[in-house]
Amino acid sequence: MAEAAKRVGDSLSNKKDKKIVEKLADTVPPMDEEEYQLRKRLPRKLPKRKNDIYVNMQSNFKGQLERAQRMLDAGSNEVFIHGLGHAINRAINIALQLKTRGLGTIEVSTNTSTVELIDDLYPEKGDVSEEVQSRNNSAVHIRVFRLSS
């Protein structure tokens, strides 16, 4: 397993990511890359409301920020920003940008959670059975709201 972590770690550019992969090598059950193909399922989402924003790393940061700002400007008293995994920093940054733009009229309330994610392991060869792997990931849920006057 340490060899698999080293192979994955070699392709990562960030030293912090390499350390995380090495730590995970001891906690994640061994998976032979020649026997299985890993497919990550989408995370379970909270119910989608009009004032929910799910932040991810693929979307443009400025676009996500402007969308949240438009919701607040359109008369919504609160916006909920959700981030999972690597997107936690981006979600926090969006909430803080909104608070700064609000000039004291906007406040934030933050909750954290752990989300269970499911991965499917599909066999490359026919003699091995399909498997399912479970792992945990951190999530943040930020309520950005206007202070009542």
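Predicted model: local features only at pLDDT ≥ 70, side-chain atom pairs only at ≥ 80, totals over all residues.
**The overall picture**

- The protein chain has four helices and five strands (DSSP runs numbered from the N terminus: H or I of at least four residues for helices, E of at least two for strands).
- Read from the N terminus, the order of elements is α-α-β-β-α-β-α-β-β.
- Of the 149 residues in the protein chain, 29% are buried (under 20% relative accessible area, with exposed meaning over 50% and partly exposed in between; 1.4 Å probe, protein chains only).
- Among contacts (heavy atoms within 4.5 Å) with a separation of 6 or more, 71% join residues 24 or more positions apart.

**Helix α3**

- Helix α3 covers residues 61-73, and its 13 residues reach 18 Å from first C-alpha to last, close to the 18 Å expected (1.5 Å times one less than the number of residues).
- Buried residues in α3 are Gln64, Leu65, Ala68, Gln69, Met71 and Leu72.
- These residues sit on the same side of α3 because they cover an arc of only 155° around the axis (taken from the directions from the helix axis to the C-beta atoms).
- On the face turned away from that buried side are the exposed residues Lys62, Arg70 and Asp73.
- Cover for the buried residues of α3 includes β2 (52-55), β3 (78-84), α4, β4 and β5 (131-146).
- At the start of α3, a side-chain oxygen of asparagine 60 comes within 3.1 Å of the backbone nitrogen of lysine 62.
- Just after α3, glycine 75 has a positive phi of about 110°.

**Glutamine 64 up close**

- Glutamine 64, a residue of helix α3, counts as buried because its relative accessibility is 6%.
- Leaving aside neighbours within four places in sequence, the contacts of glutamine 64 are Ile53, Tyr54, Val55, Asn56, Ser59, Arg90 and Ile94.

**The nonpolar core**

- The largest nonpolar core has 18 residues (a set of buried Ala, Val, Leu, Ile, Met, Phe, Trp, Tyr and Cys residues joined through side-chain atoms within 4.5 Å).
- Val55, Ile81, Ile94, Leu98, Ile142 and Val144 have the most contacts inside this core.
- Two or more residues of this core come from each of β2, α3, β3, α4 and β5, and α4 gives the largest share, five residues.
- Valine 144 touches residues including Leu72, Ile81, Ala95, Leu98 and Ile106, when neighbours within four places in sequence are left aside.

- In α4, the buried residues are Ile88, Arg90, Ala91, Ile94, Ala95 and Leu98.
- Leucine 103 lies in the loop between α4 (88-101) and β4 (106-123).
- Although leucine 103 is not a glycine, its phi is positive, about 50°.
- Most residues other than glycine have a negative phi.
- Leucine 103 is exposed, with a relative accessible area of 76%.

Terms used. Residues numbered from 1 in each chain as written. Heavy atoms only, no water. Polar contact = N/O pair within 3.5 Å; in protein donor to acceptor, adjacent residues only side chain to side chain.
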